[in-house]
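Look at the sequence and the model below. The text that follows goes through the core and then through the packing of helices.

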Amino acid sequence: MPQQREYCRQKARELGAEVVGEYIDAGESARTAGRPQLQQMLADVAGLGAGVDYVIVHKLDRLARNRVDDVQIVMAIQEAGATLVSVSELIDETPSGKLMHAILAGFAEYYSSNLSNESKKGMAQKARNGGPHGVAPIGYTNTLARVNGQEVKGIQLDEERAPHIAWAFRTYATGASRLCVMLSKNEDSVAG
């Protein structure tokens with residue numbers, strides 16, 4: 001992220017532009033346009049009107065990973081009077097620049113969609129093989145071991161929390177209607 005930020009600042013200098021804001025949705029995927037910082041940037045660009053000449057991104061796939069969002073975001077930027085600039089890709093308002101933008105938007109959507117499918121296939125295969133995927137549920141912990149040079153992920157009981165979880169399920173199964181109140185009491189009393 002720091003390197004991408006520096007490349008964007010360098011592009012702004014090349015364009016003779018002053019950076020008036022940075023918008024980073026840390027940990028958020030570009031698969032959705034509902035990201036808070038993206039929406040804030042669009043609102044700020046629209047609110048400043050002619051005060052913003054460029055919206056600079058490191059790569060188009062940092063902005064959107066589906067073509068519908070890409071079109072809507074670019075239209076909002078253009079309606080505000082600004083131009084979208086990619087540090088890494090040659091996109092502009094020429095016919096070839098527009099074609100390149102469309103191709104790159106298509107690639108970003110393909111990458112995201114294909115990655116999702118591959119992940120689902122991998123999780124399904126892991127489940128068929130009896131292995132866990134993702135974060136272990138409460139009462140268990142994730143494990144990682146090396147077997148024949150390969151990483152093997154698994155889960156095991158969380159010795160500290162498992163008795164509490166078992167107690168909660170047993171108590172719930174007996175019809176205890178005040179389980180939340182009972183759980184909020186002293187932790188030592190629920191282990192028995």
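In this predicted model, the largest nonpolar core has 18 residues, and those touching the most other members are Met41, Val45, Val55, Leu63, Ile73, Ile77 and Leu84. Two or more residues each come from helix H2 (36-48), strand E1 (54-57) and helix H3 (67-79). H2 gives the largest share, 4 residues.

Next comes the packing of helices. Two packed helices are described by the angle between their axes and the distance between the axes. For H3 and helix H4 (residues 95-128), the angle is about 135 degrees and the axes are 9 Å apart. An angle over 145 degrees would count as roughly antiparallel, so H3 and H4 are oblique to each other. On the H3 side of the contact are Arg67, Asp70 and Val74, which meet His101, Ala105, Gly106 and Glu109 in H4. By type, the residues of this contact are 2 nonpolar, 2 polar and 3 charged.

Which residues of H4 are buried? They are Gly97, His101, Leu104, Ala105, Ala108, Ser112 and Ser116. An α-helix has 3.6 residues a turn, so residues three or four places apart point the same way. The buried residues of H4 pack against H3 and strand E2 (83-86).

Key
Residues are numbered from 1 along each chain as its sequence is written. This is a predicted model: local features need pLDDT of at least 70, side-chain atom pairs count only at pLDDT 80 or more; totals for chains, interfaces and linings use all residues. Side-chain values use heavy atoms; hydrogens and water are left out. A nonpolar core is a set of buried Ala, Val, Leu, Ile, Met, Phe, Trp, Tyr and Cys residues joined through side-chain atoms within 4.5 Å. Buried means under 20% relative accessible area, exposed over 50%, partly exposed in between (1.4 Å probe, protein chains only). Axes are lines fitted to C-alpha atoms, for helices over the stretch in contact, and angles run from 0 to 180 degrees between N-to-C directions. Angles under 35 degrees count as roughly parallel, over 145 as roughly antiparallel, 65 to 115 as roughly perpendicular and the rest as oblique. Contact means heavy atoms within 4.5 Å. Ala, Val, Leu, Ile, Met, Phe, Trp, Tyr, Cys and Pro count as nonpolar, Asp, Glu, Lys and Arg as charged, and the others, Gly among them, as polar.
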